[in-house]
Amino acid sequence: MQVFVNIYKRKQASGRVTWMVRWKDSTSGAWIARAAGNTRQEALLLQGRIRDSLYRGENPLANEEKARQVVPTIEDLIHLY
């Protein structure tokens with residue numbers, strides 16, 4: 001199984017530099033990119049975590065999806081009150 005994960009710098013219009021981590025989704029074949037931080041070391045740490053998740057056959061975005069489920073939507077808040 002090949003896992004393609006790489007990091008790169010992205011320069012914004014304001015001049016600020018953000019490091020990105022990009023990998024290829026094994027099911028859809030689409031490239032997925034996430035901001036990793038302001039330094040190369042932060043990007044390397046995230047790259048390692050993503051690579052580890054992919055090798056184990058897990059979804060690297062599982063934590064993000066769980067966080068979205070915990071945060072209530074505006075509709076949920078309206079029904080609550």
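Asn-6 is found in strand S1, which spans residues 5-11; strands are DSSP runs of E with at least two residues, and helices are runs of H or I with at least four, both numbered from the N terminus. The model is predicted, so that local features need pLDDT of at least 70 and side-chain atom pairs count only at pLDDT 80 or more, while totals for chains, interfaces and linings use all residues. Residues are numbered from 1 along each chain as its sequence is written, and side-chain values use heavy atoms, with hydrogens and water left out.

With a relative accessibility of 30%, Asn-6 is partly exposed (buried means under 20% relative accessible area, exposed over 50%, partly exposed in between; 1.4 Å probe, protein chains only). Beyond its neighbours within four places in sequence, Asn-6 is in contact with Met-20, Val-21, Arg-22 and Gln-47, contact meaning heavy atoms within 4.5 Å. The C-alpha atoms of Asn-6 and Ala-33 are separated by 9.5 Å, the two residues being 27 apart along the chain.

Arg-22 lies over the face of Trp-31, at 4.2 Å from the ring centre; a charge sits over a ring if NZ of Lys or CZ of Arg is within 6 Å of the ring centre and within 35 degrees of the ring normal.

Ser-53 belongs to helix H1 (residues 40-55). Ser-53 is buried because its relative accessible area is 12%. Residues up to four places away in sequence aside, Ser-53 touches Glu-58 and Pro-60.

Leu-77 is located in helix H3 (residues 74-80). Leu-77 counts as partly exposed because its relative accessibility is 37%.
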